[in-house]
Amino acid sequence: MQNWKYVKKIMNPDSIQKYGELYSFRFDNETETFLLTHNNGRPSLNEVQNHDELVFDKLLSFNKDDIENVFKTRESLRGLLRPTLMPIGADPFGNYFCIDQDSGAIVFWEHESTNETKIAESLLQLVDLLQ
């Protein structure tokens, strides 16, 4: 069973919706519920199955005042990240796990090379891949 540490309550429950509206994106209900209940969390099992040396460190926060949040991250990556990628998680090395607005798939974005690798069909599938 997957345990999540350091989960923070979302101060404004509309933050997830507002983030989506800001970038013309709608999270499906399952994803939105997961993000709401695991905000800023770190999974106890964090290695991504079938992807050597890929580690899911944490979900980014939807609280604007938190240091590592989706709003600041998206803004800081403007011009580097493909516009349809929504960063929602990070590895320990400055790379991001993003939801692709076009497909809902999870894409791993590497900051040094800007390479993109599709990891899973959805956020919940990614969580199932963590071991």
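Two residues are in contact when heavy atoms of one lie within 4.5 Å of heavy atoms of the other. In this predicted model, local features need a pLDDT of at least 70 and side-chain atom pairs count only at pLDDT 80 or more, while totals for chains, interfaces and linings use all residues. Residues are numbered from 1 along each chain as its sequence is written, and side-chain values use heavy atoms, with hydrogens and water left out. Helices (H or I, at least four residues) and strands (E, at least two) are DSSP runs, numbered from the N terminus.

**The nonpolar core**

- A nonpolar core is a set of buried Ala, Val, Leu, Ile, Met, Phe, Trp, Tyr and Cys residues joined through side-chain atoms within 4.5 Å.
- Buried means under 20% relative accessible area, exposed means over 50%, and partly exposed lies in between (1.4 Å probe, protein chains only).
- The largest nonpolar core has 38 residues, and those with the most contacts inside it are Tyr19, Phe27, Val48, Phe62, Phe97, Ile106 and Leu126.
- Two or more residues of this core come from each of helix H1 (15-22), helix H2 (29-37), helix H3 (70-76), strand S4 (85-90), strand S5 (96-100), strand S6 (106-109), strand S7 (116-120) and helix H4 (123-129).
- In soluble globular proteins, nonpolar side chains tend to be buried together.
- Phe27 touches Ile16, Tyr19, Gly20, Glu32, Leu35, Phe62 and Ile99, when residues up to four places away in sequence are not counted.

- Two strands pair if DSSP finds at least two bridges between them.
- S4 is mostly covered, with six of its six residues buried.
- Strand S3 (residues 58-59) pairs with S4 in the antiparallel sense over two bridges, and Leu59 stands opposite Gly89 in S4.
- S4 also runs antiparallel to S5, to which five bridges join it; here Gly89 stands opposite Phe97.
- S4 and S5 form a hairpin with five residues between them, and Gly94 in the turn has a positive phi of about 90°.
- Leu85 has its place in S4 and counts as buried because its relative accessibility is 0%.
- Leaving aside neighbours within four places in sequence, Leu85 is in contact with Arg74, Cys98, Ile99, Asp100, Val107, Trp109 and Glu116.

- S6 and S7 pair in the antiparallel sense over four bridges.
- The bridge partner of Trp109 is Glu116 in S7.
- Six residues lie between the two strands of this hairpin, where Thr114 takes a positive phi near 60°.

**Helix H2**

- Thr31, Glu32, Phe34 and Leu35 are buried in H2. They cover an arc of only 165° around the axis (taken from the directions from the helix axis to the C-beta atoms), which puts them on the same side of H2.
- Asn29 and Glu30 are exposed on the other side of H2.
- The buried residues of H2 pack against strand S1 (4-5), H1, S3, S5 and H4.
- Asp28 caps the N-terminal end of H2, with a side-chain oxygen 3.1 Å from the backbone nitrogen of Glu30.

**Salt bridges**

- A salt bridge is a side-chain nitrogen of Lys or Arg within 4 Å of a carboxyl oxygen of Asp or Glu, and the structure holds eight of them.
- Asp57 forms a salt bridge with Arg42, their closest N and O atoms being 2.8 Å apart. This pair links distant parts of the chain, since Asp57 is in the loop between strand S2 (42-43) and S3 while Arg42 is in S2, 15 residues apart.
- Arg82 forms a salt bridge with Asp100, their closest N and O atoms being 3.4 Å apart. Arg82 lies in the loop between H3 and S4 and Asp100 in S5, so the pair ties together parts that are 18 residues apart in sequence.
- Arg82 counts as partly exposed at 29% relative accessibility, whereas Asp100 counts as buried at 10%.
- Arg82, Asp100 and Glu116 are linked in a network of salt bridges.
- Glu121 and Lys118 meet through their side chains in a salt bridge (2.7 Å, N to O); Glu121 is partly exposed at 48% relative accessible area, and Lys118 is partly exposed at 47%.

**The loop residue Gln101**

- Gln101 is found in the loop between S5 and S6.
- A polar atom of the Gln101 side chain lies 2.8 Å from the backbone oxygen of Tyr23.

Technical notes:
Polar contact = N/O pair within 3.5 Å; in protein donor to acceptor, adjacent residues only side chain to side chain.
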